[in-house]
Amino acid sequence: MTTVTHDESPYAPPAEVGEVELYHPKTFIGKYIWSQDAKVIAVQYAITAIGVGLVALVLSGIMRLQLGFPHEFSFINPSNYLQFVTMHGMIMVIYLLTALFLGGFGNYLIPLMVGARDMVFPYVNMVSYWVYLFAVLLLMASFFVPSGPTGAGWTLYPPQAILPGTPGANWGIILMLISLAFFIIGFTMGGLNYVVTVLQARTRGMTMMRLPLTVWGIFMATILALLAFPLGTSFFMPALVSRGEHLGYNGGSPILFQHLFWFFGHPEVYIVALPAFGIVSDLISVNARKNIFGYRMMVWAILAIGGLSFMVWAHHMYVSGMNPYFGFFFATTTLIIAVPTALKVYNWVLTLWKGDIHLTVPMLFAIGFVFTFINGGLTGLFLGNVPVDIPLSGTMFVVAHFHMVMAVSPILVVFGAIYHWYPKVTGRILNDTLGKFHFWVTFIGTYAIYYPMHYLGFLGVPRRYYAMGNSVVIPDSAQSLNAGITIAALIVGAVQAVFLYNLIWSYFRGKPAGGNPWRATTLEWQTPETPPKHGNFGPELPVVYRWAYDYSVPGAAEDFIPQNQPPAKTPGGPEKTLEKTLDAAELGPQKLDASGMPKPVGG
Amino acid sequence: MVLAGVLVLLVVGSVLFHYLSPWYFTPIASNWDTIDETVTITFWVTGFVFVVINLFMAYCVLRYRHRKGKPAHYEPENKKLEGALVLATTLGVIAMLAPGLFAWAKFIDVPKDAPVVEVVGRQWNFNYRFPGADGALGTVDARFISAENPFGMNPDDPKGQDDILISSPELHLPVNKPVKVELRSIDVLHDFTVPQFRAKMNMVPGLVTYLWFTPTRTGDFDVYCMQLCGIAHFAMRGKVVVDEEPAFKAWQSSHPTFAQTRTQVAGDAAAGKPLYAVCTACHGAQAEGNPALNAPKLSGQADWYLRRQLKNFKLGARGTHDKDVFGKMMAPMAATLADDAAINNVVAYIKTLPDTPAPPTVTGNAKKGHDAFETCGACHGADGQGTWATNAPRLKGMSDWYLVTQLKNFKEGIRGAHAKDMYGPQMGFMAAILDAQETNDLAAYIDTLR
């Protein structure tokens with residue numbers, strides 16, 4: 001067994017420029033509305049995303065009512081059913097999950113975790129939120145225009161998306177496309193900030209290989225988004241400008257649109273998944289009081305998944321009518337991506353192994369995530385393998401798979417993360433009993449919704465069907481299964497009210513958290529004040545001496561050593577000097593040895 | 001403790017559900033056993049991983065839960081273990097991918113001698129075309145599409161003259177013969193799926209896509225569109241009937257070739273006039289309809305629709321349901337028309353009659369009806385003028401009381417549910433969303449469209 005030790009740096013001097021010039025607002029409006037503080041912007045993003053997510057949650061409840069009890073509810077007709085499907089999907093993927101992970105958690109955690117005072121471009125960061133809000137309002141406006149929002153499905157495939165047989169083909173689709181364009185503009189402003197902040201604003205000693213995996217996940221997801229979203233505009237914009245006049249030339253290819261869409265759409269899956277991977281790694285490590293197992297492999301896996309995610313897009317198109325020989329290539333790349341993904345799962349579970357597991361509410365959600373993600377990831381191996389996809393694509397199996405892997409899994413992480421960081425944001429801990437109740441119903445309930453749904457797909461029940469009606473092949477018992485799924489979905493949906501109540505109640509009545517309630521190592525828990533003030537770290541920025549995972553280090557006084565805790569002086573050893581450290585590591589990029597590890601410093 | 005127990009229960013429950021629940025693949029009816037085999041292999045590999053990792057996780061949660069004075073083990077990484085796990089995963093992936101790629105290679109390799117059948121998708125139904133005696137399909141183009149030429153056949157292409165046109169959503173195929181299915185769409189993206197054949201492919205406007213299979217047992221199979229194609233996507237259904245060879249041949253020859261559809265003479269109104277005398281008693285001399293006798297207005301209705309309904313009555317596809325009191329009265333009347341030519345003639349005569357809007361007789365909330373009509377308009381046209389391409393008859397200016405009874409009949413399966421009524425089921429799906437009040441509201445709104 002090779003054991004690689006993660007050396008601590010002996011000493012590093014304080015940053016020479018301790019204070020970055022920040023604009024400190026004087027008024028309430030400057031502080032909380034037109035705020036340039038990443039932490040406030042994070043909360044603005046989070047509240048907006050959760051708000052719009054609740055709309056999408058209600059839409060999913062209506063869809064489930066129709067599927068579970070067809071024709072019982074006369075306000076649901078085939079048109080608005082498709083509109084609900086479309087808006088539910090688009091809101092959840094883009095306006096909730098992408099915005100919450102990157103705009104919400106990214107804004108809050110990146111500066112705090114890398115030891116920066118704020119994002120590198122605070123003003124642009126502020127504008128990013130307001131553009132995002134505008135995009136959300138545009139999208140919501142489409143509910144109020146004649147014939148309502150588009151019902152083209154979140155994939156917006158032409159030509160049906162702009163033809164009269166599809167609901168919302170006049171106003172809805174235009175608002176959707178414009179809203180997406182604004183979302184991308186807003187995101188680009190935020191995303192450039194996140195990337196530059198991670199690359200340029202890390203405090204002394206915070207090498208890339210000492211970053212918490214949360215930052216790695218969000219960083220890589222942002223890079224994916226910055227690369228994929230321009231591709232997004234490459235189909236949004238033509239779709240938008242050609243709208244209104246059916247161009248009179250022979251040509252134009254619905255399949256080309258699909259290639260462009262999925263070249264954006266598949267990385268989008270990982271834009272949602274990678275931050276979840278990063279955050280859950282930290283939740284598991286903290287609560288198992290054990291370093292994340294195989295940190296370096298975890299980082300490489302994130303990079304590998306990010307890179308591969310641009311080479312698998314056409315696995316969404318095996319039955320699209322594209323050249324069938326693409327199937328060989330994309331099935332192979334798709335199944336290759338399973339290897340780094342599986343490695344991450346192994347390392348999460350191996351972090352639990354021989355750990356000191358505290359089953360806090362965030363930890364419950366983290367373990368719930370691992371279980372759900374294993375299931376969702378494995379069904380991906382069905383759909384990724386081209387001949388297996390033939391009978392299953394376009395069925396409820398697909399719906400079950402992507403909800404398990406990119407809806408329920410990331411949302412469980414979102415919940416875990418909120419329970420974990422809420423004490424830092426508000427200074428109070430969320431109520432534990434309500435949290436546990438919320439976890440159990442959500443975890444078991446979502447499994448009850450989506451696990452049986454795969455089998456409807458095996459039967460051949462198509463997705464996006466308003467009603468099955470009579471059919472030779474689908475047995476009537478499938479309808480009972482659908483009714484059961486609907487009941488589970490309504491219960492899970494209703495219980496989210498408990499979570500909202502907890503968020504509000506605990507803000508006023510929650511137990512005071514103190515600075516570091518989870519006894520965690522990373523920098524955001526080491527701030528002088530909780531909640532952290534504008535500028536985060538008091539007069540001097542912290543200096544980092546070690547990686548983010550020094551839990552249960554043998555011989556240490558406590559079971560965690562914060563990243564900014566200087567190493568103890570070795571008794572009898574030579575005094576470590578400032579010069580040595582400067583030579584070795586703390587100025588400029590850290591030197592790496594052949595395997596990518598920081599060179600041992602100070603010796 | 002609880003969590004470990006729940007994880008174990010979920011694993012055990014999932015495995016039991018897989019084996020005990022009645023919901024799984026329907027019995028296969030084609031040659032694609034290789035697909036089912038790949039699915040089985042995938043289930044074994046993924047099922048093994050699912051069970052082992054989750055049980056191990058449950059074990060860890062139980063065994064290493066927090067106990068005072070028991071710190072966690074400190075081990076940053078273990079290259080050998082990680083290497084071994086990566087290797088095992090890679091082997092598992094190969095075990096699934098390799099048979100998958102072989103199955104795919106077969107799936108896209110069409111046997112040279114497989115005869116061709118074409119599926120044409122449109123909003124929202126399937127039609128089919130067989131090459132005639134020459135074994136080659138004629139060329140088609142969107143600009144040829146019209147009510148008389150729904151397939152868009154090139155009238156000058158000699159290869160197309162003997163093509164057999166199936167203007168219905170029902171396709172027959174001979175058992176145990178490989179068939180290459182060429183797929184074409186004339187409006188938006190559609191899809192052709194028969195679950196029991198394990199075969200599926202999208203239909204793309206401007207492109208001919210394909211798949212192939214060999215039906216291995218006789219019977220009726222549902223065809224679904226599995227690519228979102230608009231409001232009535234869920235109602236876009238077809239049927240494949242797999243027959244023994246002789247039955248297939250007989251069915252195929254009962255359909256006209258393209259050349260035959262072209263020689264069908266347009267109806268002769270003068271010849272139709274005496275035939276219409278029978279109709280006058282109920283429908284009125286001007287075909288204006290008579291609510292007292294339950295006879296709807298006919299004048300102004302689309303000719304293709306009148307022809308189809310007369311044929312349905314003759315065939316027994318309409319007017320044979322026990323509860324269809326007035327339909328049963330119409331059936332013997334339609335039987336007085338000897339053949340297709342007679343039908344064409346009488347319809348041609350009706351076309352010459354003046355089209356005065358029928359007087360409103362239904363009371364309802366026209367404003368509410370307006371909102372509900374959004375869905376209807378997708379097929380019947382935004383102002384209810386009817387659309388041939390979607391098989392949707394004209395509604396505006398026609399008898400509103402008749403509309404109300406027919407919607408009720410569709411909803412209750414009195415009309416449209418007959419196996420031979422090819423376009424009825426679609427309206428059945430749609431009528432199912434309406435209750436009695438909404439039906440009246442709709443009729444009241446349609447009364448305002450004139």
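This is a predicted model: local features need pLDDT of at least 70, side-chain atom pairs count only at pLDDT 80 or more; totals for chains, interfaces and linings use all residues.
Local features are reported only where pLDDT is at least 70 and side-chain atom pairs only at pLDDT 80 or more, whereas totals for chains, interfaces and linings use all residues. Residues are numbered from 1 along each chain as its sequence is written, and chains are lettered from A, with ligands numbered from 1, in the order in which they are written.

Chain A contains 16 helices and 2 strands, these being DSSP runs numbered from the N terminus (H or I over at least four residues for helices, E over at least two for strands). Of its 603 residues, 61% are buried, a residue being buried if 20 or more other C-beta atoms lie within 10 Å of its own, exposed if 12 or fewer do, and partly exposed in between, with C-beta atoms placed from the backbone. Among the contacts in chain A with a separation of 6 or more, 83% are between residues 24 or more positions apart, where contact requires that the C-beta atoms, placed from the backbone, lie within 7 Å.

Within chain A, helix α3 (residues 78-114) packs against helix α5 (residues 172-200) at an angle of about 25°, with the axes 10 Å apart; axes are lines fitted to C-alpha atoms, for helices over the stretch in contact, and angles run from 0 to 180 degrees between N-to-C directions. The helices α3(A) and α5(A) are therefore roughly parallel to each other, the classes being roughly parallel under 35 degrees, roughly antiparallel over 145, roughly perpendicular from 65 to 115 and oblique for the rest. Residues of α3(A) that meet α5(A) include A:G103 and A:G106, and those of α5(A) that meet α3(A) include A:G190 and A:G191. The contact of α3(A) with α5(A) comprises 8 nonpolar, 5 polar and no charged residues, with Ala, Val, Leu, Ile, Met, Phe, Trp, Tyr, Cys and Pro counted as nonpolar, Asp, Glu, Lys and Arg as charged, and the others, Gly among them, as polar.

Elsewhere in chain A, A:S285 is placed in helix α7 (residues 254-287) and counts as buried, with 29 C-beta neighbours inside 10 Å. When residues up to four places away in sequence are not counted, A:S285 touches A:K290, A:N291, A:I292, A:T351, A:Y549 and A:Y551. The C-alpha atoms of A:S285 and A:L352 are 8.0 Å apart, although 67 residues separate the pair in sequence.

Chain B is divided into domain 1 (2-65 + 79-107), domain 2 (116-262) and domain 3 (269-446), with bounds that come from an automatic or database domain assignment. The centres of domain 1 and domain 3 of chain B, taken over C-alpha atoms, are separated by 55 Å. Helices α7 (residues 303-315) and α9 (residues 340-352) of chain B have axes that come within 10 Å and cross at roughly 140°, which makes α7(B) oblique to α9(B). The residues of this contact divide into 5 nonpolar, 1 polar and 4 charged. In the loop between α10 and α11 (400-412) of chain B lies B:L395, which is buried, with 24 C-beta neighbours inside 10 Å.

Between the chains, 90 residues of chain B are in contact with 100 residues of chain A. On the side of chain B that touches chain A, α3(B) gives the most, with 15 residues, and the residues of that side divide into 52 nonpolar, 23 polar and 15 charged.

Methods:
Two residues are in contact if their C-beta atoms, placed from the backbone, lie within 7 Å.
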